[in-house]
Protein chains: 4
Amino acid sequence: MGVYERQQKEKKILEAAIQLIGEKGLHATTVDDVAKKARISKGLVYFYYKSKEDLYMAITKKGFDELKELFHKAFGKSKEKTGLEVMTDLSESYLAFAREKKVFHDAVLHFLGLLDQYRVDKEMVNPLVRDSQFFSKLVQSHHDLAKLGIKAISTGIKDGSIRPDLHAESTFYTLWSMMIGYCRISGSISLEPGEIKINTESWKNGFKRLFFEILKGSNTPSVSPPVQGKLF
Amino acid sequence: MGVYERQQKEKKILEAAIQLIGEKGLHATTVDDVAKKARISKGLVYFYYKSKEDLYMAITKKGFDELKELFHKAFGKSKEKTGLEVMTDLSESYLAFAREKKVFHDAVLHFLGLLDQYRVDKEMVNPLVRDSQFFSKLVQSHHDLAKLGIKAISTGIKDGSIRPDLHAESTFYTLWSMMIGYCRISGSISLEPGEIKINTESWKNGFKRLFFEILKGSNTPSVSPPVQGKLF
Amino acid sequence: MGVYERQQKEKKILEAAIQLIGEKGLHATTVDDVAKKARISKGLVYFYYKSKEDLYMAITKKGFDELKELFHKAFGKSKEKTGLEVMTDLSESYLAFAREKKVFHDAVLHFLGLLDQYRVDKEMVNPLVRDSQFFSKLVQSHHDLAKLGIKAISTGIKDGSIRPDLHAESTFYTLWSMMIGYCRISGSISLEPGEIKINTESWKNGFKRLFFEILKGSNTPSVSPPVQGKLF
Amino acid sequence: MGVYERQQKEKKILEAAIQLIGEKGLHATTVDDVAKKARISKGLVYFYYKSKEDLYMAITKKGFDELKELFHKAFGKSKEKTGLEVMTDLSESYLAFAREKKVFHDAVLHFLGLLDQYRVDKEMVNPLVRDSQFFSKLVQSHHDLAKLGIKAISTGIKDGSIRPDLHAESTFYTLWSMMIGYCRISGSISLEPGEIKINTESWKNGFKRLFFEILKGSNTPSVSPPVQGKLF
DNA sequence: AATGAATGAGTCTTCATTCAT
DNA sequence: TATGAATGAAGACTCATTCAT
């Protein structure tokens, strides 16, 4: 079988897995399901991927790749965009990505969780995962991604669209955190028992405003005299 | 058996579960494990908790309770603290909580995930969970917690320690998102292959600064003329 | 506690069990369910009944008793009824009993099954059952019941309402069989996919006619010349 | 693995199940038992049969098939037998079947019970059963079987061996009921405490006679004047 | 008499993974 | 390459029964 057919088959498996995991979640998706959806045998899935984990790492890789592409798109023809504009577009598309391609976003976050474990104690991470050829690739992908984001901010600082006193690296990670946290809880606010006057939409706007202000600085001058006392 | 002994036993089970889940994760922890660690029979676990899910919800409840207490502590004798100070302390202790009591923080986030599902389609949520007496309690806990956080910000706005143009609700949720996201990825940055000049510590500082500036406004005047084009 | 209260409590347990088993079946009814419905503790159920089997045997006993009463009622003031009339009424009320008090009828049949096992090999029968004080009582009840039925037929033979060439014992058992079998399958005939032109109602009539004819003889003279050949 | 080996293995599982259920009953037979007896792993049982219920339905199917074959055999070369003869042979072999292949007979009756439930309320029937591919097959088998029995009686009516005033359908179901009831209780009559002069053998004869007379009519003229009152 | 906490053996079922073909 | 039968280790949950109080 030629390289081409081989790749086709790998792709078919991956696509099947992505769709199924998207519908039912990783845990509820069995290797058998994937094989059936890809119209191949279970054994062949194991021929292409060493384990279910391995398959999921392939998905994670694809997740990083799509994310990277998304970052690149945000840059556009970079000459024509300020760093701030890049970041604005990026935030928009990142949020859309997390919503519409939840499988990928989940996979990426799952990987970050593994990385966390790995740092605490390498032994904690499943060897099948740790020693997989994918693992180091993913570490690299993660790194590349962060670099892109950081670059956007640096650019913005240089071109004056982003305030100069920011530290690009930590700002990027902070903004990323914001977005990750936003995705995590945006679905759960404002259930029936009210008192809290907020809905998904109004929060979204508030969120974006603060996101933007972090980069640009708030127009409102900071509270004058640094905190001039609680009660007059 | 008195109420006291009963509660002791419930506590013993809960503690065993908390420890095990903390070490191995929810999925990898079996009810059998919990029973063994608590030195009781598996059946008894089911006598006190209807299901593994139910047990996990009890943990979640405890998580919310601890979190609420933590919020209360941040308020301190409220007369003596500005809203900003409350929020500063809160962020500090929240981050510590998420690190040191990961099980609880995970449980709380897991519950927010359920709430998300519930909003999309109630049927998606496991009936065992949905119809549990815990479920509505947790919804309430979530709500109470948010109210506390929002109150801190409102207070700060009133006492002038937080900039007045903020919308308390969405600001709270945004800051919460930031912290959640921070916890999610702070463990995974700056693995070996460098280029990116950042480490956990430096990011933490950057993060806190931005967190703080959101509330106070940035001292640096915002990039003058509101972004009037990239360069020229 | 007086004898009276004791009996009241036993009765309460029994009634709870009867209702629950009627609704959910023996297997699906737990001792806990019964205790709860009777508003007593599980332990107390075991105080009054040695085991779940024992409780079921008490129900069986009650089933036999109700059946016996039903037989007695069918006799009425026996002076005023022919044996045939008794049997006709009996068949009617037996069928109603089996339908409306399914729990009891099932229990009685279940017991007959045990008896069957017992005859093949006593060891097969659960000792808890076999050695129960109920067991021999039930054997006696069964016997008494049969005697009543047989008596009805004998009476009918003597009073000329039932054909004289019948053997009372085997006729009774045969008719009982018919009714048991009828109850067993009457609910399952004539599902959708037709061709067979029969419905529950028409069969019921056919059944009754044949039941009646067994006792009375068929009006139609038996097929003349004993079977005069298949094809002339 | 060829189709043949596959069928062999299915058969092995089936046979193990049949034997075990025959010895211990459905409830007391575990899937593990079956696997062990068939010398395979438990997982493989579930590979061939979706559930224990499914396995039992396969047994039921086999029961219907054997029963159908038995009916066909009773017909023999139909040209040479009257309908009455067919029915006589049928009753004989049916009774033998119910005795010697109790598992199958029980399974068939169990299915009729399901059908009953299904008619009352489809929801009552376990979905695993209801939606099984076996279910509709079994409905069909049941139907086919009844058709064969009815045909035997119709034939007998046409060829003059069975009395012409009978309604084939309801007569068949009535006779089937008789046999089912007979099987149900024949094992339980005449235990020790006597008075009732009957034994299994004598009843069997009485039963057959009445069975036969239903079809042929009783030679004894029916009790003259239709029961014109009890005595006077 | 009465309670209900406690037990533990059991039951079905699932699934990642392997391997003979 | 490709198949899919086969494995076996779990794992969640149930329930009749017991027993200390």
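Reader: How do the residues of the surface near DNA strand F divide into nonpolar, polar and charged?
Author: Ala, Val, Leu, Ile, Met, Phe, Trp, Tyr, Cys and Pro count as nonpolar, Asp, Glu, Lys and Arg as charged, and the others, Gly among them, as polar. Here the surface near DNA strand F has 14 nonpolar, ten polar and ten charged residues. One caution: this is a predicted model, where local features need pLDDT of at least 70, side-chain atom pairs count only at pLDDT 80 or more, and totals for chains, interfaces and linings use all residues. Residues are numbered from 1 along each chain as its sequence is written, chains are lettered from A and ligands numbered from 1 in the order in which they are written, and side-chain values use heavy atoms, without hydrogens and water.

Reader: Which residues come nearest to DNA strand F?
Author: A residue is near a strand if one of its heavy atoms lies within 4 Å of it. Of the 34 residues around DNA strand F, Lys42(B), Arg6(D), Lys9(D), Phe47(D) and Tyr48(D) come nearest.

Reader: How far is a polar side-chain atom of Tyr48(D) from a phosphate oxygen of DNA strand F?
Author: The distance is 2.6 Å. For Arg6(A) the value is 3.4 Å.

Reader: Now the domains. How is chain A divided?
Author: Domain bounds come from an automatic or database domain assignment. Domain 1 of chain A is 1-49, and domain 2 is 52-188 + 195-216. Their C-alpha centres lie 27 Å apart.

Reader: How much area do domain 1 and domain 2 of chain A bury between them?
Author: Buried area is the accessible area (1.4 Å probe) that two parts lose on being put together, summed over both. These two domains of chain A bury about 1,000 Å², 84% of it on carbon and sulfur atoms. In domain 1, Ile18(A), Leu26(A) and Tyr49(A) lose the most area to domain 2, together 48% of what that side buries.

Reader: How many salt bridges are counted between domain 1 and domain 2 of chain A?
Author: A salt bridge puts a side-chain nitrogen of Lys or Arg within 4 Å of a carboxyl oxygen of Asp or Glu. The count between these domains of chain A is zero.

Definitions and conventions. A polar contact is a pair of N or O atoms within 3.5 Å; within protein, one must be able to donate a hydrogen and the other to accept it, and residues adjacent in sequence count only if both atoms are side-chain atoms.
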